[in-house]
Amino acid sequence: MKNLLTIIMFSSFFNVAAAQTKDEAAVAQAVESLRKAMIDADKAGLEKITAPTLSYGHSGGNIEDQATFIGNISSGKSDFVTMDLSAQTITVTGQTAIVRHTLSAQTNDNGKTGTVNLYVMLVWSKEGRQWKLIGRQAVKIPEKK
């Protein structure tokens with residue numbers, strides 16, 4: 001009986017340890033809000049989810065501030081038709097979160113269709129109860145040889 005209780009206790013501990021924390025769930029929701037706002041070219045949504053100090057790095061080396069990033073998305077200069085995120089990890093330390101994922105998307109930038117496949121790192125900061133994007137850097141997924 002004692003062994004059974006020990007097994008139940010360890011099993012419960014590992015189930016809790018593997019579960020997503022409240023902050024991790026909130027960050028995951030913020031990432032989804034960002035994804036949706038980018039697809040919808042939702043200027044107000046992008047303003048709400050990003051910080052004024054945003055540093056948004058593209059895989060080609062271009063870096064945008066918040067105004068430029070939002071302007072390019074809302075004007076259609078940078079247009080995501082679809083965006084799929086996979087292999088996402090979230091690490092929260094205090095008021096900061098780092099998210100890594102693979103981004104695959106169909107684009108229509110200035111009327112020119114294309115596809116992108118990127119590794120992305122997002123940096124989020126908790127302001128009050130809301131997570132805001134403060135940094136993003138993408139790199140192209142290397143071609144397999």
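Before that, some housekeeping. What you have up there is a predicted model, so local features are taken only at pLDDT of at least 70 and side-chain atom pairs only at pLDDT 80 or more, while totals for chains, interfaces and linings use all residues. Residues are numbered from 1 along each chain as its sequence is written, and side-chain values use heavy atoms, leaving out hydrogens and water.

On confidence: pLDDT is the predictor's confidence in each residue, from 0 to 100. The protein chain averages 89, and 87% of the residues score at least 70. Where pLDDT is low, the predicted coordinates should not be read in detail.

A word on names: helices (H or I, at least four residues) and strands (E, at least two) are DSSP runs, numbered from the N terminus. Two strands pair if DSSP finds at least two bridges between them.

Now the sheet. Six strands make an open sheet with mixed pairing, in the order E2-E1-E6-E5-E4-E3. Strand E2 (63-64) and E3 are the edges, each pairing on one side only. E3 and E4 run antiparallel with 11 bridges, and Ser 86 stands opposite Thr 102 in E4. That hairpin has two residues between the strands, and Gly 94 takes a positive phi near 65°. E4 and E5 are antiparallel too, joined by 14 bridges. Their hairpin also has two residues between the strands, with Asn 110 in the turn at a positive phi of about 50°. Across that pairing, Val 99 has Leu 122 in E5 as its bridge partner, and Ile 98 has Val 123.

Back to His 101. Is His 101 buried or exposed? It's buried, with a relative accessible area of 5%; buried means under 20%, exposed over 50%, partly exposed in between, using a 1.4 Å probe and protein chains only. The His 101 side chain makes a polar contact with the side chain of Gln 88, at 3.0 Å. By polar contact I mean N or O atoms within 3.5 Å; within protein, one must be able to donate a hydrogen and the other to accept it, and residues adjacent in sequence count only if both atoms are side-chain atoms. Leaving aside neighbours within four places in sequence, His 101 also touches others, including Val 31, Leu 85 and Leu 122.

Leu 122 takes us to the core. A nonpolar core is a set of buried Ala, Val, Leu, Ile, Met, Phe, Trp, Tyr and Cys residues joined through side-chain atoms within 4.5 Å. The largest one has 27 residues, and Leu 122, Phe 69 and Trp 124 are among those with the most contacts inside it. Helix H2 (22-40) gives the most, six residues.

Last stop: the aromatic pair, and by this rule there is one. Rings of Phe, Tyr and Trp (its six-membered ring) pair if their centres lie within 6.5 Å; planes under 30 degrees apart count as stacked, over 60 as edge-to-face and the rest as tilted. Tyr 56 and Phe 69 are stacked, 4.2 Å centre to centre with 25° between the planes. Tyr 56 is in strand E1 and Phe 69 in helix H4, so the pair ties together parts 13 residues apart in sequence. Both are buried.

Notes
Contact means heavy atoms within 4.5 Å.
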